[in-house]
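Hi,

Here is the model I promised to pass on. Have a look at it first, and then read on for what turned up.

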Amino acid sequence: MAKRVAIIDIGSNSVRMVVYEKVSRFAFHLLYEEKSKVRISEDAYKHKGMLQEIPMQRTFDALSDFLQISHSFKTTKLLCVATSALRDAPNKKDFLQKVKQNLKLNIKIISGEKEAYYGAIACANLLPKQEKALSIDIGGGSTELAYIDEQNVSQTLSLKLGTVRLKELYFDGDDIEGAIQYIDSQLEYLPNEKIQTLIGIGGTFRAISRSIMKRENYPLNKLHAYEYDYLTFKKFIKELLSAKSNKDLKTLFINSNRYDVIKPGALILQRVIQKVNLKKIITSGVGVREGVYLSDLLRNSKHKFPHNYNTSVRYLMDSYVQDKQFANHLNVLSKRVFDLSAEYLQIDVKYRYHLALAAKLYCAGSNVHFYSQNKHTYYLIQSALEYGFTHQDIMLISTLTKYAKSKLPSSTHLQLYKVLLPKERVTKALSYLLSLTIALLSHKPRNIDFELTFSKNTLHVNSQQKLYLAQESVAKLKCEHQEFRIKFNS
C-alpha cells in the first residue's frame with residue numbers, strides 16, 4: 001500500500017480531505033485534514049434532486065485546491081468518493097465529466113449501503129469494542145446505519161433522511177409534522193436487533209456531542225470515543241428541538257454554521273431513539289473517510305486488524321520510542337511487579353494492561369525533548385493514543401507517564417480528571433509501581449539481571465549485581481502504603 005494516501009469525501013454538506021501516512025504494516029496516523037462547506041446539495045431537493053450551478057462550482061473549486069494540497073504532500077494514491085447528493089442527482093454526469101476533464105480526478109459514487117459499511121468498519125476498528133451497537137451517520141441527504149457486534153458489521157442500511165433534505169422539503173415550510181411522518185416512514189427499515197449502544201458518526205452527531213461536552217464541563221478535550229448516557233442525550237435533544245431562536249441555539253453551544261440544519265438532524269435522532277432501547281451513546285471521530293482508507297489498508301485481512309493489535313500504540317512505538325529494547329524491558333517488568341504486588345495493594349487486575357502500556361510508552365517523550373520527557377509523553381498519549389481506547393484508558397495511561405519517576409499525582413490533577421480516573425488510592429498505587437519499574441532498570445541492562453519475589457509486605461529484588469543506581473532511585477520514591485517495602489538482596 002502507498003505510504004501516503006489522500007481520501008476525499010464529497011458529502012451533501014461538506015467536502016473533506018484527509019492525508020494518512022503509513023509508518024509500518026498496519027500503523028498509520030493522520031498527517032493533514034481539510035474541509036470546505038460547499039453544500040453541493042443546496043436547493044437541489046427543491047428541484048427534484050438537480051444539482052445547482054453555484055454549489056457545483058463551489059465544489060469544483062474546493063476539489064481543485066484539495067488536489068494541490070495532495071500534490072504538496074507527494075501522496076502516491078488518492079481515493080475520492082461521493083455520497084448522497086451526487087448519488088441522487090439526475091445531472092451528476094455533467095459534474096463528474098467536468099471534474100474528470102479539467103482536474104483529472106475520478107470520483108467514485110458509492111451506494112448507500114457501501115457508505116454505511118465504510119462508516120461502520122471505521123467504528124468497529126477504531127473505537128473500543130462494542131457489543132450490540134448501532135452506528136448512525138446523519139448526512140445532508142441521507143442517513144446510514146449498520147449493526148456492529150465486536151468487529152463484525154452487518155445489516156447496512158441507507159435511508160433518504162438528511163439534514164439538508166429535511167430542511168428544504170419540510171423545515172423551510174415549517175411543516176414539522178410532515179417531517180416527523182416522513183422520518184418515521186423511513187425508520188420502518190431499522191434492523192430488528194437488540195441495541196445497547198448508539199455510535200454517532202458525522203457532523204450533526206459531533207456537534208451535539210461537543211455541545212454536551214461543554215455543558216458538562218468535560219475535562220478531556222477529545223471528541224472521538226466520548227461516551228455519555230442515554231438520558232443525557234435524550235434530554236439535550238429535547239432542549240435542542242425546543243429552541244426558538246439562534247440565540248437559544250448559541251446558549252446550547254451550537255456553532256452558527258449549523259443553526260439551519262441542526263434541528264432536522266436532532267429530529268431524526270429523536271425519532272430513532274424512540275424506536276430502540278439504549279444504554280449509552282458513543283461519539284465517533286471517524287467515518288466514511290477512515291472506512292475507505294481501512295478497506296484498502298486491511299483488504300487482505302477481511303477489513304479487520306490482527307488480534308490484539310492496536311494501530312495507535314504501534315504508531316507511537318514506530319515514531320517516538322527509539323530504544324525499543326528498553327521499552328520492552330519496562331513492559332515485561334511492570335507486569336511482573338504488578339502480578340506480585342497488586343493483591344497486597346488492592347489493585348484490580350484490569351489495571352495491569354494500563355500499567356504495562358504506560359511502561360512501554362514511557363520513553364516516547366524523550367524523542368521530543370529529554371529534559372521534559374514526561375510532559376511530552378503525557379501530551380502524546382492524550383493526543384495520539386486514540387484509536388481503540390476509552391477516555392478512561394487514555395487518561396489513566398497518560399497520567400501514569402506524567403508522574404513517572406517523580407512524585408505521585410497531584411491532588412489538583414486527580415480532582416480535575418476525577419470522572420475519568422480510578423479511585424485516588426488506585427491511581428497513586430499504579431503511579432508508584434510504574435516509577436518503581438523505571439527505578440529498578442536505572443542501569444539499563446541488556447537483559448533484566450534480577451529476579452523478584454514477594455512475601456508479606458516486601459518486594460524482594462534478588463540479583464548477583466549490587467544494582468547501586470536502582471537502590472538509589474528506589475530510595476527516592478514515595479509510596480502511600482507505608483508498610484510496603486522494597487528489599488535488595490545481592
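The structure holds six cavities of 30 Å³ or more. A cavity here is a set of points on a 1 Å grid, over the protein atoms alone, where a 1.4 Å probe fits but cannot get out; points are joined across faces, edges and corners, and a volume is the space filled by probe spheres set on them. This is a predicted model, so please note that local features need pLDDT of at least 70 and side-chain atom pairs pLDDT 80 or more, while totals for chains, interfaces and linings use all residues. Residues are numbered from 1 along each chain as its sequence is written, and side-chain values use heavy atoms, without hydrogens and water.

The largest cavity has about 360 Å³ of space. It is lined by 27 residues (an atom within 4 Å of a point), and D9, D137, G139, G202 and G203 are the closest to its centre. β6 (133-138), α7 (203-215) and α11 (288-297) each give two or more residues to this lining; helices (H or I, at least four residues) and strands (E, at least two) are DSSP runs, numbered from the N terminus.

On to a helix pair: α8 (residues 230-242) and α10 (residues 262-273) pack at about 135°, with axes 9 Å apart. Axes are lines fitted to C-alpha atoms over the stretch in contact, and angles run from 0 to 180 degrees between N-to-C directions.

Best wishes

How values were computed
On a 1 Å grid over the protein atoms alone, a cavity is a set of points where a 1.4 Å probe fits but cannot get out, and a pocket is an open set with protein on both sides within 12 Å along at least five of seven lines; lining residues have an atom within 4 Å of a point.
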